[in-house]
Structures are given as C-alpha cells and as structure tokens.
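Trainee: Could you walk me through reading salt bridges, pockets and cavities in a protein model?
Mentor: Gladly, let us open it up.

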Amino acid sequence: MAQPTVGILHPGSMGAAVAACAATNAAVVLWCEAGRSTASAARAARFGLTPVAELAELLDRSDIVISLCPPAAAEDLARDVVTHRFAGMYVEANAVNPERVQRIAALLEPAATVVDGGVVGSPPVGGKAPTLYLSGPVGETERLEALFAGTAVRTAVLGTKVGQASALKLSYAAFQKTSRVLVALAVGMAREHGVDQELIEVASRRTDSYLAEPEYVAKTAARAWRWGPELEEAADTLAAAGLPPEMLRAAASTLARWHDAKDDSELTLTDALDQLAQP
C-alpha cells in the first residue's frame with residue numbers, strides 16, 4: 001500500500017508530536033502556515049513537518065487529515081474543510097462530545113470519510129506513549145493503525161460507531177482533569193488555615209493521590225485554557241446521558257480563573273493558588 005500524505009490541523013504541542021509519529025509511515029506530513037503563530041511554525045519545524053501556504057493546498061494534497069485543536073474550534077475548523085470539498089479521511093481527534101463529533105461527521109460526509117479519535121496520555125515525546133483510540137469504518141481505522149505502527153502513538157479500535165472514541169476520551173478526562181482541580185481547591189483551603197503541609201502528609205500515606213503531589217497544580221493551571229473547554233464538552237456528554245453535569249461545569253469555571261497562566265512553564269504552586277484566589 002502506498003504511503004499516504006497526511007495533513008495536521010494544527011501543530012500544537014499534541015498535534016505536532018502526533019504528526020511527527022505519523023511521518024514514520026507517511027510520504028509526507030503537511031501543516032498550513034496561514035494564520036498560525038511563530039510558535040506553531042517553530043514547533044512544526046522542530047518536528048520536521050512540511051509547510052504549505054494555504055488550507056486548500058493541504059486538503060488537495062492530503063489523503064488523511066488529522067484535526068487536533070482546542071475543542072471550541074473543532075466544528076468551525078470542520079466547516080472550513082467542508083468549503084474546500086475535502087474527499088479523503090478526516091480524523092476528528094479533538095476532545096469534543098459524541099454529539100459534536102456526529103455533527104462534524106454529518107458536515108463532512110459523504111465527500112469525506114470521518115473517523116472518531118481520542119488521544120489519552122501526554123504528547124509522544126521524551127518516552128511518552130499516548131493511545132489514540134479510534135472508532136469508525138473498519139477499513140479506515142485499519143489504515144490509521146498502519147499509519148502509527150511502530151511509533152510512540154499506540155492505537156486501539158473501539159468499534160465502528162463514530163462517537164465511541166470521544167466518549168471514552170471525555171470519560172477519562174472528566175476524572176483525570178477534575179481530580180486535579182479538586183487538589184488545587186483542597187490545598188488552597190488547607191493553606192488558608194496553615195495546614196497545607198499536614199494535608200500533603202495525610203495524603204502521602206495513600207497511594208496514587210494527587211494530593212501528595214501538589215506540584216501538579218501549577219501544571220494544571222498552565223493547561224487550564226485547554227482543559228476548561230474539554231470539561232464543558234464532558235459536561236454536555238453527562239447531560240445527554242441524563243447525568244448531572246454541574247460538577248464538571250464548576251471545574252471548568254474554576255479552570256477559567258487560570259486564564260493568565262496559559263502554557264506558563266515557570267508557574268509555581270504558590271503562583272497558581274494565588275491566581276485561583278482572584279475572581
């Protein structure tokens with residue numbers, strides 16, 4: 001089978017690293033320079049991705065397009081793709097709810113074939129090996145398994161129904177991300193009363209407790225701009241299932257207080273908790 005040409009929309013920290021893994025078994029991996037930041041350009045160059053000037057060129061040349069962007073932008077991005085009559089495989093790999101994935105599929109089909117994807121884990125760099133969960137047509141998911149074979153991106157096919165991969169991703173994200181928000185609130189409460197170190201000591205007696213590793217709070221703050229919208233999507237999924245979404249919406253609201261901490265790798269625990277205390 002000929003090696004496919006792959007397009008990535010867009011080369012963020014996860015998208016660029018996943019695209020670099022796809023390059024192992026692809027003819028070339030393209031990214032679109034139009035409207036992207038200098039940081040995106042530097043990231044794409046670091047991962048060896050090939051630039052094109054316009055989205056139309058990327059779509060014309062690509063057999064497979066992978067969409068990995070902030071959740072709020074996923075549907076608008078799909079609409080942009082529709083205007084160019086893309087007719088290849090579109091991998092909707094954003095952290096969006098199953099109903100949104102199905103709407104996106106309805107926009108793109110029948111011209112394109114849509115596969116639902118959900119990445120669980122950290123970007124595939126420095127020994128990290130996330131799993132790309134897939135659901136959709138059998139032949140297409142097999143092509144994606146081949147695309148990432150032998151790379152740091154593991155693949156796992158959940159079934160043929162678009163929406164299954166997104167449901168798994170958001171189910172996991174609901175716990176993983178909300179638990180870190182609860183750590184921030186618990187440590188902040190204890191610090192206000194001068195017992196934060198005692199709280200950490202109590203938590204350290206248990207295994208696998210984020211409370212015993214409060215350094216994760218600063219990392220959570222830096223990622224809040226992405227995680228908040230993701231939890232809103234997860235809340236929509238809970239509501240659609242007849243389950244109460246309020247806790248996830250509250251966690252998303254809490255994450256919004258860290259809007260000034262976007263991608264701040266120098267943020268400390270104290271800085272993060274101080275920002276959290278400001279309305």
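Trainee: How exposed is Glu 201?
Mentor: Burial is read from relative accessible area: buried is under 20%, exposed is over 50%, and partly exposed is in between, using a 1.4 Å probe and protein chains only. Glu 201 has 44% relative accessibility and counts as partly exposed. This is a predicted model, where local features need pLDDT of at least 70 and side-chain atom pairs pLDDT 80 or more, while totals for chains, interfaces and linings use all residues. Residues are numbered from 1 along each chain as its sequence is written, and side-chain values use heavy atoms, without hydrogens and water.

Trainee: Which residue forms a salt bridge with Glu 201?
Mentor: A salt bridge here is a side-chain nitrogen of Lys or Arg within 4 Å of a carboxyl oxygen of Asp or Glu. The partner of Glu 201 is Arg 205, with the closest N and O atoms 3.4 Å apart. Arg 205 is exposed, at a relative accessible area of 62%.

Trainee: How many salt bridges are found in the whole structure?
Mentor: The search finds 13. One of them joins the side chains of Lys 177 and Glu 230 at 3.4 Å, N to O. This pair links distant parts of the chain, 53 residues apart, with Lys 177 in helix α7 and Glu 230 in helix α9. Helices are DSSP runs (H or I, at least four residues), as are strands (E, at least two), numbered from the N terminus. Lys 177 is buried at 9% relative accessible area, and Glu 230 is buried at 7%.

Trainee: Where do Asp 274 and Arg 191 lie?
Mentor: Their side chains meet in a salt bridge of 3.0 Å, N to O. Asp 274 is in helix α11 and Arg 191 in helix α7, so the bridge ties together parts 83 residues apart in sequence. Asp 274 is partly exposed at 36%, as is Arg 191 at 31%. There is also a network of salt bridges linking Glu 75, Asp 76, Arg 79, Arg 100, Arg 103 and Glu 233.

Trainee: What is the volume of the largest pocket?
Mentor: Rolling a probe the size of a water molecule over the atoms shows where empty space is left. On a 1 Å grid over the protein atoms alone, a cavity is a set of points where a 1.4 Å probe fits but cannot get out; a pocket is an open set with protein on both sides within 12 Å along at least five of seven lines, and lining residues have an atom within 4 Å of a point. Points are joined across faces, edges and corners, and volume is the space filled by probe spheres set on them. The largest pocket has about 1,500 Å³. Of its 47 lining residues, Ser 13, Met 14, Pro 123, Arg 223 and Arg 226 are the closest to the centre. Helix α9 gives the largest share of that lining, 9 residues.

Trainee: Which helix gives the most to the lining of the second largest pocket?
Mentor: That is α7, with 6 residues. The second largest pocket holds about 170 Å³, and its lining includes Arg 191 and Leu 273.

Trainee: Which residues line the largest cavity?
Mentor: Val 18, Ile 66, Leu 68, Val 91, Ala 93, Val 119, Leu 132 and Phe 148 do. The space inside this cavity is about 30 Å³.
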